[in-house]
Each structure stands twice: as structure tokens, then as C-alpha cells.
Amino acid sequence: MFGHDHEGEQIAERIDHLMAAVFVADTTERMEALTRHVAPDLIYVSPEAIFEGAQGLSDAFSRYRTEAWWQTGLRRTSPIDLHHGYFRFTWERVERGATVMEGSTFGSLDEAGAICRVVTFEGLVPGQPDGRS
């Protein structure tokens, strides 16, 4: 009656690859990895700006690549919640082994199943106390 969610696993794997690929130092290798997982018309929305395409996604994380001493990485901290072509998850940014930021992301897939929209929020993680009384 209930099947295993292979689509969710595939999206989780692709998102994990994207989270690693944005930090790859070699431009050719990074762009090949990014274009493998996103739609050509990707829109990435961060608190700082809106970026378009795989190149825009690469540009969004360029400051972390130029400051290699930060040893920055991203990792998912929740399973992917996926339905009707929309997904969400929580994440953390790690620098030199310590968590420096938490956040949440939601996005959507195009008709071919490629990641086409990603919206990231930094700070407040849904379901977590925010320190307000």
C-alpha cells in the first residue's frame, strides 16, 4: 500500500550535491556539477539578492570560496519534505567545524524534475524557538 519515496531520496541527493558543489574551487568542475542538478532558468533567492541560473548560484557563494580559511560548508539538518513538485528542508552553515548559521529553504521542480526555484531564509528555523517570549 505504501511505497518507498524514491523521488524524495533523489531530490535529497541532488540538494546535497548542490550544497557541496557551490564550494568547489575549480570553476569548470563546479559549473558542471551545478548544471547537472538545476534547470537552466533556475532562480535562487537569498536574503542578500536574487540570482539566475547555475552561474548565479555559483556567484552567490563566491565569497566563501575566496576565503578558503573559513573552511565553509553547508549541510542539510532535516529530511526533504516533498510534494506536488515543491520541497523544503532545514540546513546549517559550518565554518571551521562550528555551526555559524541555521536556516530553511524551500523550492520547486520543473516539469522535467530539475530544481528550478530555491528560496533560502537565514536564522529562524521553523519549529524551533526563536528566543522571543
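Serine 78 is buried, with a relative accessible area of 18%; buried here means under 20% relative accessible area, exposed over 50%, and partly exposed in between, using a 1.4 Å probe and protein chains only. This is a predicted model, where local features need pLDDT of at least 70, side-chain atom pairs count only at pLDDT 80 or more, and totals for chains, interfaces and linings use all residues. Residues are numbered from 1 along each chain as its sequence is written, and side-chain values use heavy atoms, with hydrogens and water left out.

**Overall layout**

- The protein has four helices and seven strands, where helices (H or I, at least four residues) and strands (E, at least two) are DSSP runs numbered from the N terminus.
- Reading from the N terminus, the order of elements is α-α-β-β-α-α-β-β-β-β-β.
- Of the 133 residues in the protein, 41% count as buried.
- Take the contacts (heavy atoms within 4.5 Å) with a separation of 6 or more: residues 24 or more positions apart account for 41% of them.

**Back to serine 78**

- Serine 78 sits in the loop between β3 and β4 (81-83).
- Setting aside neighbours within four places in sequence, serine 78 is in contact with Phe89 and Thr90.
- Serine 78 and alanine 12 are 66 residues apart along the chain, and their C-alpha atoms are separated by 9.9 Å.

**Salt bridges**

- There are four salt bridges in the structure, a salt bridge being a side-chain nitrogen of Lys or Arg within 4 Å of a carboxyl oxygen of Asp or Glu.
- One of them joins arginine 76 to aspartate 16, with the closest N and O atoms 2.7 Å apart. This pair ties together distant parts of the chain, 60 residues apart: arginine 76 belongs to strand β3 (residues 72-76) and aspartate 16 to helix α1 (residues 6-21).
- Another bridge runs between glutamate 92 and arginine 75, with the closest N and O atoms at 2.4 Å. Here too distant parts of the chain are linked, with glutamate 92 in strand β5 (residues 86-95) and arginine 75 in strand β3, 17 residues apart.
- Glutamate 92 counts as buried at 11% relative accessibility, whereas arginine 75 is partly exposed, with a relative accessible area of 42%.
- Arginine 88 and aspartate 81 also meet through their side chains in a salt bridge (2.8 Å, N to O). Arginine 88 counts as exposed at 52% relative accessibility, while aspartate 81 is partly exposed at 33% relative accessible area.

**Strand pairing**

- β1 pairs with β7 in the parallel sense over four bridges; two strands pair if DSSP finds at least two bridges between them.
- Within β7, valine 119 stands opposite valine 45.
- β1 also pairs with strand β2 (residues 50-52), this time in the antiparallel sense and over three bridges.
- Isoleucine 43 has glutamate 52 in β2 as its bridge partner.
- The link from β1 to β2 is a hairpin of four residues.

**Helices α2 and α3**

- Helix α3 (residues 53-60) is mostly covered, with six of its eight residues buried. Those buried residues are Gly53, Ala54, Gly56, Leu57, Ser58 and Ala60.
- Histidine 37 is part of helix α2 (residues 27-37) and counts as buried, at 12% relative accessibility.
- Leaving out neighbours within four places in sequence, histidine 37 is in contact with Arg14, His17, Leu18 and Ile115.

**The largest pocket**

- The largest pocket holds about 430 Å³ of space. On a 1 Å grid over the protein atoms alone, a pocket is an open set of points where a 1.4 Å probe fits, with protein on both sides within 12 Å along at least five of seven lines; lining residues have an atom within 4 Å of a point. Grid points are joined across faces, edges and corners, and the volume is the space filled by probe spheres set on the points.
- Its lining has 27 residues, with Tyr44, Leu57, Phe61, Leu74 and Thr120 lying nearest the centre of the pocket.
- Elements giving two or more residues to this lining are α1, β1 (38-45), α3, α4 (62-66), β5 and β7 (115-122).
- The lining of the largest pocket divides into 18 nonpolar, four polar and five charged residues. Nonpolar covers Ala, Val, Leu, Ile, Met, Phe, Trp, Tyr, Cys and Pro, charged covers Asp, Glu, Lys and Arg, and the others, Gly among them, count as polar.
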